[in-house]
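Visitor: I have a model to look through with you. Can you take my questions in whatever order they come?
Guide: Go ahead.

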Amino acid sequence: MSFKFKYLICILVLSNLLAYAQEELSLEAIYNSSKYSSDYQSQVFWISQGEAYITIAHNKNKESQLIKHSSKNGNESIFLSSQALTPIGATKALNVEAFSLSDDNTKVLIFTNSRKVWRSNTRGDYWLYDFKESKLSQIGKQFPASSLMFAKFSNDSHKVAYVHDFNIYIEQLDTGTTKQLTSDGSTTHINGTFDWVYEEEFGMRDGFSWSSDDEHIAFWQLDASQTGTFYMINTTDSLYSKPIPIQYPKVGQSPSKAKVGIINTKDGANHWIPIPGDPVQHYLPGMQWVSKDLLLIQQINRKQNQLIVYSYQVNSGELKKVYTENHSAWVDLRYPDISSNHWGGNDLLLTDSNKYFLRMTEGDAWRHVYKISIATGEKILLTPGTYDVAAIYALSDQELYFSASPYNATQRYLYSVPLNGKGKLKRVTPKDYRGVNTYDISPNGKYAIHNHSNTEMPPSVQLVRLPGHQLVSKLVTNDHLKESLAELELPKTSFFKVTTEEGIEIDGRITKPVDFDPNKKYPIVFNVYGEPWGQMATDSWIGMFDIYLASKGFVIIKMDNRGTPSLKGSQWRKSIYKKVGVINTRDQALAAKQVIKWPFVDKERISVWGWSGGGSMTLNLMFKYPELYQTGISIAPVSNQLLYNNVYQERYMGLSTENMKGYIAGSPVTYAKNLEGNLLLIHGTGDDNVHYQNAEYLINELIRNNKQFDMMSYPNRSHGIYEGENTSMHLYTLISNYLLEHNKE
């Protein structure tokens, strides 16, 4: 046998082995094993102003324990052992889901045995561990299991307040006696917490707080008696179907009336703050204590284009308008961004001994941060320049830390500016952390939990020291995932820009198969979202499903149209106002037209898929531009904008009484008669966010126009379609098989 022949055989064998290594990647390995699972940092609870933090961990017996970490050097010690967390007579420690520490550090409040309320598990049991007495006891033990919400210590550490059955209670820790502060709570009169739409759209769950001297509790009450009830149907968990009621204000319908009360914790007297305006035509998405006698209250009108911040003096009863913000489109509270925490509440960040608060606003061409005097309303611009602030993080003694990316809208970095408004912008994230960086900064501004990823790097987490960003310790490395990925040939991901025929420059991200040959033709899969709450073309980890699709020969493209929360100026984001489903759909389609001109694109094999707002976008693209897209997969879409909740849809579309033509023009169902390609519609019947009603409404219209399509309903699954055994595996097998079936050469 000649040397050349042996060499050729070796090359062929090696090629087959490499091909086999790539074919190893399967949906089974992704969704039904831990081979490609990603590790994440557990929630961090800062203590001692940030000099240390606590995490929930598990011992070798898989029982909960609390671990204390030194921020200075990363050293660990047991803060509360599993043995201490084991009730008398029990054989196993409590499963700690969350906890809080009293101000004097003598007690820990443990949250466990939780149940779901709306999206999250916010109702459960609370237990108290007293370090001085080395004693574990249950709070509110006279109430049914899993029925307490948002328990929190008083500032003197002698009492705990909580919500039970929509009423607020105080429990004295030394005696166990309870005092009921409200008595009118019900499913229609909600004290100390919120209804579905306040949680979903304003990120609000916990609805009460102690004053610093413990003499008062401020709380929200929502009157949901006029809010419409939508019934989901559970047909699988019993012999007879059961209706699942949910208070859900749809477009054009009245939201719950909200008001803020002040309760005297000694005598139980309650006083309602006389906030001006019709409560049906206004929302109250923010309330916080500034001092023991002063509150800040945020009010936004029904159209959500005016924000007013009031101060309220408890003792004198003086209500004062501190700040007013107007916009021709809408005003955001917590701006949607990949670096922002939607569930962090709406409290305004206080500074200068609580004499000022910070507010991000889009009053000019860019999103800036202002420092506003509570006493006078004076505004000081902290972030001048032609760039957008993505998210406010924290304060140190002299600086504001925030997320931004002035030179690349696909990335995020930590920046700082002086709080006096006179300094220069400074990038804190080192240059070698290309991609998306997010931070959880300690209360004293000296340390941060730093999360990083890019298209080539899975997420990593480290503890760093600020302002120098020095590494203290590595917390999550994802070495196991990296080792698994090293066995594969990974696709290449890059970024591009295309300019539409209307002159709009669109950012895009493209992932190509490993063996990409520019002289061949490839099927394209556009993965879309396109609404104000999501950015797709980001320099973050691409995820295993995109890697899997690329291994099957697909080119995957994500693009961000106008109206998405990209850091490209206020006009870019606000231009979608009253045009959701119109301007964003057109941008996507016209950008796709440019992509389709690329020589390696097979224009006869163009697919699009998306979820939620991306599902709506998929339908609009399939129905409005059938000449461009042959196959579409729409998951949990809003088919008719009038069927979605009023807070979200009215924010971006205006009131239906003023813009009905816009609602009709933006709704996919309007154009269902134009379907020509292959359409797979997927929806969970237990979706409390985008109701299954949307699917049936669209299905009826497709039937009426004799349009054939495919569909899959997932019984009792919510908007995320993840509940139940094997659901994710089934869902992503369905998606990939549909794409493969309809994109054969």
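Visitor: In which sense do β38 and β39 pair, and over how many bridges?
Guide: β38 (residues 522-528) and β39 pair in the parallel sense, over three bridges. Two strands count as paired if DSSP finds at least two bridges between them. Strands are DSSP E runs of at least two residues, helices are H or I runs of at least four, and both are numbered from the N terminus.

Visitor: Before we go on, what kind of model is this?
Guide: This is a predicted model, where local features need pLDDT of at least 70 and side-chain atom pairs count only at pLDDT 80 or more, while totals for chains, interfaces and linings use all residues. Residues are numbered from 1 along each chain as its sequence is written, and side-chain values use heavy atoms, with hydrogens and water left out.

Visitor: Back to β39. Which residue stands opposite Ile557?
Guide: Phe526 stands opposite Ile557 in β39.

Visitor: What helix goes with β38 and β39?
Guide: Helix α5 (residues 544-551) makes a right-handed β-α-β unit with β38 and β39. Right-handed means that, with the strands pointing away from the viewer, the path from the first strand over the helix to the second runs clockwise.

Visitor: Which strand pairs with β39 in the antiparallel sense?
Guide: That is β37 (residues 505-512), which pairs with β39 over five bridges. Thr511 has Ile556 as its bridge partner in β39.

Visitor: Is β39 mostly covered or mostly open?
Guide: Mostly covered: six of its six residues are buried. Buried means under 20% relative accessible area, exposed means over 50%, and partly exposed is in between, using a 1.4 Å probe and protein chains only. Val555, Ile557 and Met559 are buried on one side of β39, and Ile556, Lys558 and Asp560 on the other.

Visitor: New topic. Which residues have the most contacts inside the largest nonpolar core?
Guide: Tyr198 and Phe357, in a core of 63 residues. A nonpolar core is a set of buried Ala, Val, Leu, Ile, Met, Phe, Trp, Tyr and Cys residues joined through side-chain atoms within 4.5 Å. Apart from that core lies another, of 41 residues, among them Val595 and Phe623.

Visitor: Why would such residues gather like that?
Guide: In soluble globular proteins, nonpolar side chains tend to be buried together.

Visitor: What is the strand order in the open sheet of four strands?
Guide: The order is β32-β33-β34-β35, with antiparallel pairing. β32 (436-441) and β35 stand at the edges with a single partner strand each, so one side of each has no neighbour in the sheet.

Visitor: How many bridges join β33 and β34?
Guide: Seven, in the antiparallel sense. Asn454 stands opposite Met457 in β34.

Visitor: And what joins Leu466 and Pro467?
Guide: A cis peptide bond, with omega at about 10 degrees. Pro467 lies in the loop between β34 (457-465) and β35 (470-476).

Visitor: What about Asn478, what is its phi?
Guide: Asn478 has a positive phi of about 55 degrees, although it is not a glycine. Asn478 is in the loop between β35 and α4 (479-486).

Visitor: Why does Asn478 count as buried?
Guide: Because its relative accessibility is 2%.

Visitor: And Ser157, where is that?
Guide: Ser157 is in the loop between β9 (148-153) and β10 (159-164). Its phi is positive too, at about 70 degrees, and Ser157 is not a glycine. Ser157 counts as buried because its relative accessibility is 1%.
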